Amino acid sequence: MKRVIPVLVLSVAGLIPVWRYEPSTGTTSTTEAASTPSVSSSTSSSGSGSTTFTGTTVATEKGDVQVRITYDGDKMTAVRMLKQPNHPQTTAAVPKLVAETLAAQSADIDTVSGATVTSDGYKESLQAAIDAEAAAATASPSASASGSAAASASRTVAGSTVATEKGDVQVQVTFEGDKMTAVRMLKQPNHPQTTAAVPKLVAETLAAQSADIDTVSGATVTSDGYKESLQAAIDAKGA
């Protein structure tokens, strides 16, 4: 009988840590699931060549959305959510939005099914951050140059803002010498047709090396505005 008592005491003592541990595990996993999408990468580890731009805070019916992006040179390398709705749909959608952004290197990405409100807010804030980066690059075109002769030949020119019935359109063009090497949309209508049309317009522009390109079917208004702003950028480069 004396031997049984110590065994029982040790058994009960062994169960106490188990009973305490279970609730703490559930709390920790919930916190990590909510915070993981908002931190995609460190913004300070890339060194002096890394620049960070914060988009506007977009109020949605689900909650505020705000995006911060990091560039290394001209490449978008990280996206961080500063504000996002506390909803399971948002938690699931954000990693998809971030992955598509880094792949597309623009705000021309698909809306995540089941998280339309968050997706729209995300893209609006993202575009604002991209516009801030473009404005900084235009204001200080030598900031990202390496100092070499090839880098000094690079020039970025923004075309005029063209008002259309769908919304404003503005194009920015980067030249290496006389060659057009990149086209970026600074302003564009928030329409599915525009989202689908822009990559085609950009591809045709780089292939033609001019504004003499075809109108994209189903996006005539955006195409016309694009070509007008593009031509203005080309004219400004030659001036």
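At what angle do helix 5 and helix 6 pack, and how far apart are their axes? This is a predicted model, so take a look at the helix pair with that in mind.

## How the two helices pack

Two packed helices are described by two things: the angle between their axes and the distance between those axes. Here, helix 5 (residues 192-208) and helix 6 (residues 220-238) pack at about 40°, and their axes sit 10 Å apart. That angle makes helix 5 oblique to helix 6. The crossing of helix 5 past helix 6 is right-handed.

## Who touches whom

On the helix 5 side you'll find Thr 194, Leu 201, Val 202 and Thr 205. They meet Thr 222, Ser 223, Tyr 226 and Leu 230 of helix 6. Sort the residues of this contact by type and you get four nonpolar, four polar and no charged.

## The second largest pocket

By type, the pocket lining splits into six charged, four polar and three nonpolar residues.

Technical notes
Residues numbered from 1 in each chain as written. Predicted model: local features only at pLDDT ≥ 70, side-chain atom pairs only at ≥ 80, totals over all residues. Heavy atoms only, no water. Axes fitted to C-alpha atoms, helices over the stretch in contact; angles between N-to-C directions. Helix = DSSP H or I, 4+ residues; strand = E, 2+ residues; numbered from the N terminus. Parallel < 35°, antiparallel > 145°, perpendicular 65-115°, else oblique. Left-handed = near helix turned anticlockwise from the far one by under 90°. Contact = heavy atoms within 4.5 Å. Nonpolar A, V, L, I, M, F, W, Y, C, P; charged D, E, K, R; others polar.
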